[in-house]
Amino acid sequence: MNETSGQAVLEVWCDLQCPDCRRAEGDLSALGERFGAALEIRRRHFPLPGHQHALAAAQAAEEAFAQGRGDDYWTALLGRTVELGRRGEPVLLELAGELGLDAEEFETALIDGRHLLQVDADHAEGKALGVTGTPTYLIDGQRLDGGTSQEGLAERIAGIVERLVAAG
């Protein structure tokens, strides 16, 4: 429980080119709808070395957060993991335009690397916590590894949230 906000906090380490993270997005959406303001979902970056465009995607997502549409961008981009893998950075800019964001500013952000420190900080913190793959969840001090087997994870997380909310 996050004592300052009165919420349970679920941190999710994700690679925006990861098909497993794409599958997990539905669970996160359902958890968000189920618990509303009682659950804060914090999206964290963990670009994997095998995904060529994951680092750029993480930086683009941070630019989307800076422009006020980070969650929408994150979710929409996860819906395009195959296209991102095939076409690369043009997908990041096209998506920004489709969502009404400043695509030119996205391009500039990718060139100047203004969000790289945030992405690197997330990755380093994830490594320190034992994150090795995506998606990985951290709630109430427990690390839950997702990946190809998401089965039952949403309900496990929901049980922890319910316990935390009842205790808080």
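Across the protein the pLDDT averages 90, and 93% of the residues score at least 70. Among the parts of the protein, helix α2 has the highest confidence, with a mean of 98, whereas helix α8, residues 153-167, has the lowest, with a mean of 85. Where pLDDT is low, the predicted coordinates should not be read in detail.

Let me turn to the helix pair. Helix α2, which runs over residues 54-66, and helix α3, over residues 70-78, have axes that come within 7 Å and cross at roughly 150°. Angles over 145 degrees count as roughly antiparallel, and therefore α2 is described as roughly antiparallel to α3. Which residues of α2 and α3 meet? From α2 there are Ala 57, Ala 60, Ala 61, Ala 64 and Phe 65, and across from them in α3 there are Gly 70, Asp 71, Tyr 73, Trp 74 and Leu 77. By class, this contact of α2 with α3 is made by eight nonpolar residues, one polar and one charged.

The largest pocket has a volume of about 180 Å³, and α1 (19-35), β2 (39-45) and α3 each give at least two residues to its lining. Among the lining residues of this pocket are Glu 25, Leu 28, Glu 40, Arg 43 and Asp 71, and the lining as a whole divides into three nonpolar, four polar and four charged residues.

How many cavities of 30 Å³ or more does the structure hold? There is one, and the largest cavity contains about 40 Å³ of space. Its lining is made up of Val 12, Cys 14, Cys 21, Ala 24, Glu 25, Leu 28, Arg 43, Trp 74, Leu 78 and Pro 135. The elements giving two or more residues to that lining are β1 (8-14), α1 and α3, and α1 gives the most, with four. By class, the cavity lining has eight nonpolar residues, two charged and no polar ones.

As a last point, Glu 25, Leu 28 and Arg 43 line the largest pocket and also line the largest cavity.

Technical notes
Residues numbered from 1 in each chain as written. Predicted model: local features only at pLDDT ≥ 70, side-chain atom pairs only at ≥ 80, totals over all residues. Heavy atoms only, no water. Axes fitted to C-alpha atoms, helices over the stretch in contact; angles between N-to-C directions. Parallel < 35°, antiparallel > 145°, perpendicular 65-115°, else oblique. Contact = heavy atoms within 4.5 Å. Nonpolar A, V, L, I, M, F, W, Y, C, P; charged D, E, K, R; others polar. 1 Å grid on protein atoms, 1.4 Å probe; cavity = no way out; pocket = protein on both sides within 12 Å on 5 of 7 lines; lining within 4 Å. Points joined across faces, edges and corners; volume = space filled by probe spheres on them. pLDDT = per-residue confidence, 0-100.
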